[in-house]
Amino acid sequence: MRIVVLLKAVPVVGNEKLVDGWRVDRSAGLEANGNDEYVLEAGLKLIEQHGGELVTLTMCPTPAMEAIRKALAMGAARAVHVQDPALAGSDTLATGLVLSAALRKLEYDLVFAGADTSDGQGGIVGAAVASRLGLPYLSYAARIEPDPGAGTVRVRRISATGYDVIEAPMPAFVAGTQLLGEPRYPSLRGIMQARQKEIASWTLADVGVEPSSVGSAASQTEVDSATPPPPRGGATVVREAPEVAAERIVEFLASRRLV
Amino acid sequence: MAGEIWAVGEIADGQPTRLTRELATLAAGLAAASGRTARSVLVGAGASAAAESLAAHGPDVLAVDVDAGDRPVAAAIAEQIAALARDRQPSFLLVGASNDGRDVAGMLQAMLDWGALVNAAGVRWQGDGPQAEMSVFGGRLVTQSHLAGDHGIVIVRPSAVAAEEAAQPGAIERVGAAAVEPLPAVRVVDRISEASAVVSIEEAPIIVAGGRGVGGPDGFAVVEELAEALGGVVGATRAVVDAGWIGYAHQIGQTGKTVKPSLYVAAGISGAIQHKVGMQTSGTIVAINRDPDAPIGEFADLMVVGDLFEILPRVSAAVRARRGG
Ligand SMILES: Cc1cc2nc3c(=O)[nH]c(=O)nc-3n(C[C@H](O)[C@H](O)[C@H](O)COP(=O)(O)OP(=O)(O)OC[C@H]3O[C@@H](n4cnc5c(N)ncnc54)[C@H](O)[C@@H]3O)c2cc1C
Ligand SMILES: Nc1ncnc2c1ncn2[C@@H]1O[C@H](COP(=O)(O)O)[C@@H](O)[C@H]1O
């Protein structure tokens with residue numbers, strides 16, 4: 001079984017900031033997007049079960065070594081990094097274009113993506129990539145069960161009222177959630193082995209995408225302003241005994257017309 | 001003539017979803033501000049029946065009665081909207097930030113090659129197009145963004161506007177399903193209902209959330225009691241979801257839901273950054289924590305230091321007493 005995991009390198013949660021106007025500051029360090037680690041973990045388990053190879057695919061204008069090395073240390077066989085300065089400022093449209101172009105150069109039975117990203121928050125790149133490639137799209141996965149014999153994959157898709165069991169022929173595209181289970185920590189051995197693993201660096205020319213169709217110049221969305229929200233007043237602290245504390249809470253809620 | 005603004009709807013139990021009604025009201029408002037025409041579009045089984053109540057919000061409704069059969073609805077909606085959009089050339093599509101809505105938006109982005117403003121907490125008309133307000137970087141920044149071209153998709157969060165009925169209801173136009181090149185087949189084999197999954201925390205005005213401090217699945221009883229007394233719903237941290245004390249549908253934070261209730265009560269929650277990003281734009285935040293130095297104190301409005309098991313039941317009783325019950 002061959003699995004490609006779309007792994008986005010995002011600014012470390014809690015440290016995100018903007019530079020030069022509206023650019024995301026990537027100099028302060030990048031980590032693997034949280035949801036992408038869940039699908040990576042699910043993919044690694046499937047490779048352990050069925051054999052085969054898991055490759056990560058990252059698009060990022062700057063080196064994303066920490067995120068990629070961690071995925072390799074967790075067990076990915078190799079990594080592909082589409083890295084080109086022209087990618088800076090790309091929106092979801094360009095990201096979908098580039099990732100689908102890169103996937104055309106790779107072989108797979110399954111492509112995995114996270115349900116959404118901590119920085120972009122769109123949750124749409126997966127559906128866009130699947131549509132561009134003409135792949136069946138199975139989203140919000142809480143469980144992924146391929147059947148290599150039958151050539152199909154079954155997914156538990158979270159719904160508003162429980163879950164749907166959905167199925168499609170492979171190759172297929174699956175976007176997954178936290179319910180797939182906690183990602184493993186890289187072992188020391190894994191970290192050592194990761195140093196020998198291949199990180200292929202592809203340019204836009206390598207994937208056959210025109211630089212003019214990506215990056216800030218081609219972006220279909222523009223930021224007008226970015227401002228901190230109005231500051232919170234700071235907490236009123238209550239340290240009284242439970243009876244009094246409870247009264248204070250109710251008084252506070254009443255003063256704000258919340259009870 | 002300047003292109004129309006479409007609200008792309010969803011149907012659940014034969015009715016337009018609450019988010020769909022909000023999109024209709026939003027489209028009507030944007031149309032009024034821009035002199036354009038708003039329209040709601042409903043695709044699915046029973047679309048023209050569901051269109052009756054959606055039309056009450058003002059915009060005319062295009063209803064495409066097409067049964068997705070055993071396919072997930074998002075693909076059927078996206079195919080039909082793409083065909084309609086090519087035919088009628090609207091400028092802007094408002095799509096809800098639900099699971100199905102985000103799938104529809106991603107498919108439409110690829111099929112139409114349109115840009116998308118994602119996760120909008122508010123939308124208004126600015127210049128020549130919609131301007132979306134987004135909360136980014138864990139709520140530390142609020143951005144205003146617009147679409148560069150004269151068309152695009154705006155993905156709108158629940159409660160960006162309140163759904164309102166219009167003085168004049170819209171008309172309903174039934175449209176035959178377009179013959180489309182279908183997206184690759186995915187088959188729904190089974191639909192499973194789970195009581196624990198049915199909780200609309202994204203729409204709730206009051207949330208009482210419990211964290212690891214509740215100590216175990218039974219500890220949630222005091223949280224539930226307060227939620228009930230206040231007329232709210234129960235939220236949770238990932239720690240307690242991972243522990244299996246409560247269902248994932250309740251989880252708030254980076255890999256759970258983003259919420260913005262008027263009141264958020266955090267009981268036994270430390271306030272880790274990944275939790276904070278999902279709730280810090282709440283109106284009023286009240287924290288109950290044994291640890292005076294818990295990070296939640298840094299962004300709460302009221303920080304109560306103490307044992308939640310001693311405090312919550314007393315608050316519930318006092319709230320009930322106030323309500324005279
Ligand atoms: C990729 C990733 C994604 C994540 N996504 C999410 C997410 O979506 N949502 C989320 O919530 N977390 C998320 N997390 C986890 C997050 O980092 C924290 O681990 C989690 O939020 C902690 O939950 P907690 O506050 O319940 O537990 P703890 O941090 O253990 O806090 C428990 C608190 O309860 C207090 N307490 C204990 N007993 C009592 C008592 N009797 N009375 C009063 N107070 C008491 C303690 O003082 C403590 O402050 C994510 C982590 C990662 C790495
Ligand atoms: N630049 C990227 N590189 C690799 N994968 C990405 C990238 N952007 C998005 N993805 C994938 O698409 C998913 C959804 O992203 P988004 O729509 O941006 O929230 C992520 O969880 C990733 O799996």
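A:Glu167 and B:Arg187 are joined by a salt bridge whose closest N and O atoms are 3.4 Å apart; the term denotes a side-chain nitrogen of Lys or Arg within 4 Å of a carboxyl oxygen of Asp or Glu. The model is predicted, so that local features need pLDDT of at least 70 and side-chain atom pairs count only at pLDDT 80 or more, whereas totals for chains, interfaces and linings use all residues. Residues are numbered from 1 along each chain as its sequence is written, chains are lettered from A and ligands numbered from 1 in the order in which they are written, and side-chain values use heavy atoms, with hydrogens and water left out.

Between chain A and chain B the count is 11 salt bridges, and over all chains the structure holds 29. Side chains of opposite charge can pair when their charged atoms come close. Another such pair is that of A:Lys8 with A:Asp119, where the closest N and O atoms are 3.2 Å apart. A:Lys8 belongs to the loop between β1 (2-6) and β2 (9-11) of chain A and A:Asp119 to the loop between β8 (110-114) and α4 of chain A, so this pair ties together parts that are 111 residues apart in sequence. Helices (H or I, at least four residues) and strands (E, at least two) are DSSP runs, numbered from the N terminus.

The interface as a whole draws 80 residues from chain A and 83 residues from chain B into contact, contact meaning heavy atoms within 4.5 Å. About 7,000 Å² is buried between chain A and chain B, with carbon and sulfur atoms giving 56% of that area; buried area is the accessible area (1.4 Å probe) that two parts lose on being put together, summed over both. Of the area that chain A buries against chain B, A:Gln121, A:Gln178 and A:Arg232 supply 10%, more than any other three residues.

One helix pair spans the two chains. Helix α4 (residues 125-133) of chain A packs with helix α4 (residues 99-112) of chain B at an angle of about 45 degrees, their axes being 7 Å apart. The axes are lines fitted to C-alpha atoms, for helices over the stretch in contact, and angles run from 0 to 180 degrees between N-to-C directions. The helices α4(A) and α4(B) are therefore oblique, given that angles under 35 degrees count as roughly parallel, over 145 as roughly antiparallel, 65 to 115 as roughly perpendicular and the rest as oblique. A:Ala127, A:Ala128, A:Ser131 and A:Arg132 of α4(A) make the contact with B:Asp103, B:Gly106, B:Met107, B:Gln109 and B:Ala110 of α4(B).

Within chain A, α4(A) also meets helix α3 (residues 92-103): the axes come within 9 Å and cross at roughly 50 degrees. The two helices α3(A) and α4(A) are therefore oblique to each other. Residues of α3(A) including A:Leu93, A:Leu97 and A:Leu103 meet A:Val125, A:Val129, A:Arg132 and A:Leu133 in α4(A).

Two backbone features of chain A remain. Most residues other than glycine have a negative phi, and most peptide bonds are trans. The peptide bond from A:Met170 to A:Pro171, however, is cis, with omega near 5 degrees, and A:Pro171 lies in the loop between β11 (162-169) and β12 (172-176) of chain A. A:Arg257, a residue other than glycine, has a positive phi, near 55 degrees, and lies in the segment after α8 (242-255) of chain A.
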